[in-house]
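Subject: Structure handover

Hi,

Here is the structure I promised to pass on. My notes follow below it.

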There are 2 protein chains.
Amino acid sequence: MIDSAPPLTCYRCGATAAFPDRKRCACGEPLWFDTEGAAADFAWPDSGTGVWRYADLLPVGSRARSDSRATESASASERESADPRAPAGVGAAAGATPLVRVPTLDADAGCRLWVKDESENPTGSFKDRGSAVGAAWAASAGREWIGTVSHGNMAMSVAANAAGVADGPNAVVLVPDDISGERLAAIARYDPTVLRVAGDYGRLYRETLASDAPVEFVNSDTPLRVAGQKTTALEVCEAFASGAATEKEAETTAEARDPSGRAPDAIVLPVSSGGHASATWKALRELQAANLLADDLPRLYFVQTAACDPIAAAFREGADEVTPDGDPGDTAAYSIANADPPSGTRTLAAARATGGAVLSVPDDEILDAKATLARQAGFCVEPASATTLAGIRRLSSSGDLSADDEVVAVLTGTGFRELDADGPNPDTVSLGDLSGRLRDLTG
Amino acid sequence: MIDSAPPLTCYRCGATAAFPDRKRCACGEPLWFDTEGAAADFAWPDSGTGVWRYADLLPVGSRARSDSRATESASASERESADPRAPAGVGAAAGATPLVRVPTLDADAGCRLWVKDESENPTGSFKDRGSAVGAAWAASAGREWIGTVSHGNMAMSVAANAAGVADGPNAVVLVPDDISGERLAAIARYDPTVLRVAGDYGRLYRETLASDAPVEFVNSDTPLRVAGQKTTALEVCEAFASGAATEKEAETTAEARDPSGRAPDAIVLPVSSGGHASATWKALRELQAANLLADDLPRLYFVQTAACDPIAAAFREGADEVTPDGDPGDTAAYSIANADPPSGTRTLAAARATGGAVLSVPDDEILDAKATLARQAGFCVEPASATTLAGIRRLSSSGDLSADDEVVAVLTGTGFRELDADGPNPDTVSLGDLSGRLRDLTG
């Protein structure tokens, strides 16, 4: 755990500010925690699981540091009480998602593909990483309320993580006035306070960050959330560095790890606000500071839906800043249709600094990639997550990725919540005819 | 990996049989792999993840055994090709689910509660453990088809795991004739062959296991599936033995582990066919054979829905065998409403051998427990999974569990796929009034 109140800093102008007073720099850009100095002493941990494995790089939380030999004979209660801050509850289940080779998609993707399956988080998306850190910080700081502006994955995640912390905060979720009853119901399961807000949703995002109400908003690109979201890339890089990513062998002692800083050639993720994208860049910067990555950073590729692609447009145009888009059109990838991404410009910087790119893909390619991920690999994702494979296909076609590149697609959220009312209409056979039918099928 | 064709054995009469020719013993009971002898040499592994971490106790699969030092400088391709059987694809993502302390529910549960969140599997349920083993076995044996009888979690899981194996099998899923369009659509995403079958579904289950069609059926209590499902309990016991379950510290070398065989006092899981229940018992037997558990095994408690509880009825009545129930009534816990559980009698034996019990809980208690798991702990589960908390409440009331008992509730499947059309109807506030409203809320 780093100091309890690390300063914030601006990636662009270098200005610093105090947390939690500020979220944005005077220059207009988002702030993040100034942890790259602390990272110089970071080594791959020997223990710990989920996001808390990387507590040394987080602004809150503690890995229990008791000597295991000394506690061998202690009762479970004694062991627990030795460190009441030891992670527990749903926040302890965030992260530690599988990273797996997916050879069945190599030909389709045009490269050597891994997927990082973030749907295997407690509420079904990567958002749990940031929410766990946000809820833990609020509890440790004695804050009674956390909040967020979301009508999707982040809303559920914040509510669940607030519920799961002992003596933790309450959650307030601000949703758009026209939210569907189905989405409201999914959020309400975790019993947060929900308020509909009439008015511009982008403006709402910014105003909550400047609000003087005693609610710590953990919106999608806030410092606490970005700190938690860093752990996606930390896990990816640790798996590659340890050899686990290729051999599915978790080398389990730091000493046994390959010190060469082996990493994937590219990491590809969907981008909406730019919070996860920024966090991924931050993770690479910290690992570089810790001398755990080679100079040649993994290229970061960020993918938007073509229906709403202000960051990709700025990248194509060589612009220095992202200009807000108009109203997004309809898109299957609704959860990343962000017309005014608060960390859009920071995402541009991340792509350029790592030799990557920001691109966008149309709905037909997104839906085809979604179907392919399920049919040829067994992963059922939301359309936003399928932008990764759709983007990788384009990057392979353009020569930005090659057949021997090792590429990680981050599948950010589950497709389980999207139900189709109608499926196929398979034949009916009688029990008596079944054996014959199976022989015909397999013959 | 144990021998490629370990024999099968009957837990009740001790008869043996060859795999894959037989699934049921001549005495009528289900067979499982005869691995307790091999287990005598088993030690907690130093490496490996997911179900494949326990490959030494599985009938298929291999942990890569290369010396990490020797491969430090090898390229990723060379490392992979060194062991083509190294797990990859969605099956490599099965298992390794979080086990977390949930102190926010201790008072409600009346004990010291942990949850094992099986919803954090690739297709959202524990079924992926058995499906991964089944699909891997089929691929290694050159079988072109695997199948299952299911219209729920197992159907999706078998289809996904078949899709995710390179050069793996095709999948055929047999569903009841009256399956809903929504369920068909969810299964069809993974593109298996689906056949509706008219006729008794329980009879269908048995007939597929005796079929001479070249399809390896990995139904819910078949030997391959039970082998995979063992890993739920192996993970639970390893986490307790290592101290990770209390301290959230994954002690990562076998040497550092507490050798005392510390384990939870009780493991509680929903029961339907009895396959997972049997597998949990099998895991404990193997760990006992390996001298990794104290003589005092964790008590196994299995919970049914009161609408359909033939195993609980047999337990209450002190019967030796389970008698099939009539048609199950409607129940929220539809996924465990099994009127003729093929491993029901084995489940009875498991409860009795460990000093546990089989009980059932009514729908109102199941739905209340489901709501509590989300609202007070952040876990959104299907009603079947909530039978665990409902059962634990009853066991605490009856004195079977006490406040200092360490109890693991296995949350077997996600609630994400159950959508409610209508939610609450929260107030709408204008952007201008928001700050005031937040101050009122938090004041």
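A:Asp191 sits in the loop between helix H6 (181-188) and strand S8 (193-198) of chain A. The model is predicted, and this residue has a positive phi of about 65° although it is not a glycine. A:Asp191 is partly exposed, at 45% relative accessible area. A:Asn291 also has a positive phi of about 65°, again without being a glycine. Its loop runs between helix H10 (275-289) and S11 of chain A. A:Asn291 counts as exposed, because its relative accessibility is 64% and the cut-off is over 50%. As background, most residues other than glycine have a negative phi, and most peptide bonds are trans.

Now the cis peptides. In chain A, the bond from A:Phe19 to A:Pro20 is cis, with omega near 5°. A:Pro20 is in the loop between strand S2 (16-17) and strand S3 (31-33) of chain A. In chain B, a cis peptide bond joins B:Phe19 and B:Pro20, with omega about 5°. B:Pro20 lies in the loop between strand S2 (16-17) and strand S3 (31-33) of chain B.

Chain A overall: 15 helices and 14 strands. It has 443 residues, and 65% of them count as buried. Take the contacts in chain A between residues at least 6 apart in sequence: 72% of these join residues at least 24 apart.

Next, the sheet. Six strands of chain A form an open sheet with mixed pairing, in the order S4-S5-S13-S10-S11-S12. Strand S4 (99-101) and strand S12 (357-361) of chain A are the edges, each pairing on one side only. From one strand to the next, the twist averages 25°.

Strand by strand:
- S4(A) and S5(A) are antiparallel, with three bridges. A:Val100 has A:Val115 in S5(A) as its bridge partner.
- S5(A) and S13(A) run parallel, joined by six bridges. A:Trp114 has A:Val408 in S13(A) as its bridge partner.
- Strand S10 (residues 266-270) and strand S13 (residues 406-411) of chain A pair in the parallel sense over three bridges. Here A:Ile267 stands opposite A:Val408 in S13(A).

How many residues of S5(A) are buried? Six of the six, so the strand is largely enclosed by the rest of the structure. In a regular strand the side chains alternate between the two faces of the sheet. In S5(A), A:Arg112, A:Trp114 and A:Lys116 point one way. A:Leu113, A:Val115 and A:Asp117 point the other way, and all are buried.

Helix H11 (residues 310-317) of chain A lies across strand S11 (299-305) and S12 of chain A, at about 125° to S12(A). Helix H14 (residues 383-397) of chain A packs on the sheet and touches strand S5 (112-117), S10, S11, S12 and S13 of chain A. The direction of H14 makes about 110° with that of S12(A).

A:Thr387 lies in helix H14 of chain A. It counts as buried, because its relative accessibility is 0% and the cut-off is under 20%. Beyond its neighbours within four places in sequence, A:Thr387 contacts A:Pro270, A:Val303, A:Ala333, A:Ile336, A:Val361 and A:Ile366.

Over to chain B. Helix H13 (residues 363-377) of chain B has 15 residues, which should span 21 Å at 1.5 Å a residue; the end C-alpha atoms are 20 Å apart, which agrees. The buried residues in H13(B) are B:Ile366, B:Ala369, B:Lys370, B:Thr372, B:Leu373, B:Ala374 and B:Ala377. Their cover comes from both chains, including helix H5 (153-163) of chain A and helix H14 (383-397) of chain B. Just after H13(B), B:Gly378 takes a positive phi of about 90°.

How are the two chains related? Chain B can be laid on chain A with an RMSD of 0.0 Å, by a turn of 180° and a shift of 0.0 Å along the axis. That is the relation of a two-fold axis. The C-alpha of B:Glu120 is the nearest to the axis in chain B, 2.2 Å from it. Of the interface residues of chain B, 100% are also interface residues in chain A, so the copies meet through the same surface.

Last, the cysteines. A search of the whole structure finds zero disulfides over all chains. A:Cys380 counts as buried at 6% relative accessibility, and B:Cys111 counts as buried at 2%.

Best wishes

Note on methods. Residues numbered from 1 in each chain as written. Chains lettered and ligands numbered in written order. Predicted model: local features only at pLDDT ≥ 70, side-chain atom pairs only at ≥ 80, totals over all residues. Heavy atoms only, no water. Disulfide = S-S within 2.5 Å. Buried < 20%, exposed > 50% of the residue type's maximum accessible area, 1.4 Å probe, protein only. Helix = DSSP H or I, 4+ residues; strand = E, 2+ residues; numbered from the N terminus. Expected span 1.5 Å × (residues − 1). Contact = heavy atoms within 4.5 Å. Least-squares fit on C-alpha atoms with pLDDT ≥ 70 in both. Pairing = 2+ DSSP bridges. Axes fitted to C-alpha atoms, helices over the stretch in contact; angles between N-to-C directions.
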